[in-house]
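I will write down what I look up, entry by entry.

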Amino acid sequence: MGLEQTQILLAQIYTNTQLRERFFTNPQAVGLEMGLSSDEAQQLEQLSPKQVNAFANSLKWKRLGEVRELLPRTAKEMGKNFTTLFWRYAENPIPPGIKKHRQDAIAFANFIIQVAQQEGLEPAWIGDLVRYEKTWLLVYTTASCLKICWFGYAVHQNLSKKGVIALWLRLGRRSELRHFIL
């Protein structure tokens, strides 16, 4: 196994809790399953579970910080529930690519929306607020767009029960992104 493949495997061990637990329970079997030779698996057996878990947790805290910055009102309004839901969500691997923090925030927003629908997450307007911030993330870097969304709550103000239509418009690559609430 080459250096790049070893790095990919280590990244999986750091970011996937179930794989990490299986690896430390039976490193030889998991190593072979992941394409390592017996010698390579023995080398990775030397990893300290305590140090790997500490590093994995630091990666999750960093992800949480990035996502919190990209979904600021959702994080503020949800308080501790934002962090609690993020730990559930963070069992999924971080999206790859150069805009991975933005993609991670969008994926987490989708997770919150799903949990809100399935588990009746309170307050009732949280799904609308998350969709509103997610839409900002989706349209912000587009070269041109016209996006129209309906919300049941005043997501741009005090979140009172008041239907609003939000519109995002960018006419071209050099054009400023316009936003209107009707």
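**Entry 1**

I started at Phe108. Leaving out residues up to four places away in sequence, I find that Phe108 touches Val67, Leu71, Phe82, Leu85, Phe86 and Tyr89. I note here that this is a predicted model.

Next I looked up the second core. It is separate, it has 9 residues, and it includes Leu9, Ile13, Leu44 and Val52.

Then I went to the largest nonpolar core. I find 37 residues in it. Phe82 and Phe108 have the most contacts inside this core. Which elements give two or more residues to it? I list helix H5 (49–70), helix H6 (72–78), helix H7 (80–89), helix H8 (100–119) and helix H9 (126–140), then strand E1 (145–153) and strand E2 (161–170). H8 gives the most, with 9 residues.

**Entry 2: The whole chain**

I see 9 helices and 3 strands. In what order do the elements run from the N terminus? I wrote down α-α-α-α-α-α-α-α-α-β-β-β. The radius of gyration is 21 Å, whereas the globule rule gives 16 Å for 182 residues, so I call the chain more spread out than a compact globule.

I also took the box along the principal axes. The C-alpha atoms fill roughly 65 × 40 × 20 Å. Of the 182 residues, 38% are buried. The accessible surface comes to about 10900 Å², and carbon and sulfur atoms hold 53% of that.

For contacts with a separation of 6 or more, I looked up the share from residues 24 or more positions apart. That share is 49%. For charge, I find 23 positive and 16 negative side chains. The centres of the two sets lie 11 Å apart.

**Entry 3: Thr74**

I picked Thr74, in helix H6. Is Thr74 buried or exposed? Its relative accessibility is 0%, so I count Thr74 as buried. Beyond its neighbours within four places in sequence, Thr74 is in contact with Phe82, Ile112, Leu129, Val130 and Glu133. I checked one of these partners along the chain. Ile112 is 38 residues from Thr74 in sequence, and the C-alpha atoms are 9.8 Å apart.

**Entry 4: Leu129**

Leu129 was on that contact list, and I followed it. I find Leu129 in helix H9. Leu129 has a relative accessible area of 0% and is buried. Setting aside neighbours within four places in sequence, I see contacts from Leu129 to Arg73, Thr74, Glu77, Val155 and Leu159. I also took the separation to Arg174. Leu129 and Arg174 are 45 residues apart in sequence and 28 Å apart in space, C-alpha to C-alpha.

**Entry 5: Leu159 and its phi**

From Leu129 I moved to its partner Leu159. Where does Leu159 lie? I find it in the loop between E1 and E2. Leu159 is buried, with a relative accessible area of 7%. I noted the backbone too: phi of Leu159 is near 65 degrees, a positive value in a residue other than glycine. Most residues other than glycine have a negative phi, and most peptide bonds are trans.

**Entry 6: A cis bond**

I then looked up the peptide bond that joins Glu122 and Pro123. The bond is cis, with omega at about 0 degrees. Pro123 lies in the loop between H8 and H9.

**Entry 7: Two residues in the strands**

I turned to Cys145, in strand E1. At 16% relative accessibility, Cys145 falls under the 20% cut-off, so I count Cys145 as buried. Apart from neighbours within four places in sequence, Cys145 is in contact with Val139, Trp168, Leu169, Arg170 and Leu177. I compared its place with Leu129: they are 16 residues apart in sequence and 21 Å apart in space, C-alpha to C-alpha.

Gly163 is partly exposed, with a relative accessible area of 44%. How far apart are the C-alpha atoms of Gly163 and Gly31? I wrote down 54 Å, for 132 residues along the chain.

Methods:
Residues are numbered from 1 along each chain as its sequence is written. This is a predicted model: local features need pLDDT of at least 70, side-chain atom pairs count only at pLDDT 80 or more; totals for chains, interfaces and linings use all residues. Side-chain values use heavy atoms; hydrogens and water are left out. A nonpolar core is a set of buried Ala, Val, Leu, Ile, Met, Phe, Trp, Tyr and Cys residues joined through side-chain atoms within 4.5 Å. Buried means under 20% relative accessible area, exposed over 50%, partly exposed in between (1.4 Å probe, protein chains only). Helices (H or I, at least four residues) and strands (E, at least two) are DSSP runs, numbered from the N terminus. Contact means heavy atoms within 4.5 Å. The radius of gyration is taken over C-alpha atoms; the globule rule is 2.2 Å times the number of residues to the power 0.38. Accessible areas come from the Shrake-Rupley method with a 1.4 Å probe; for residues, only the protein chains shown count as cover. Lys and Arg count as positive and Asp and Glu as negative; His and the chain ends are not counted. The place of a charge is taken as NZ of Lys, CZ of Arg, CG of Asp or CD of Glu.
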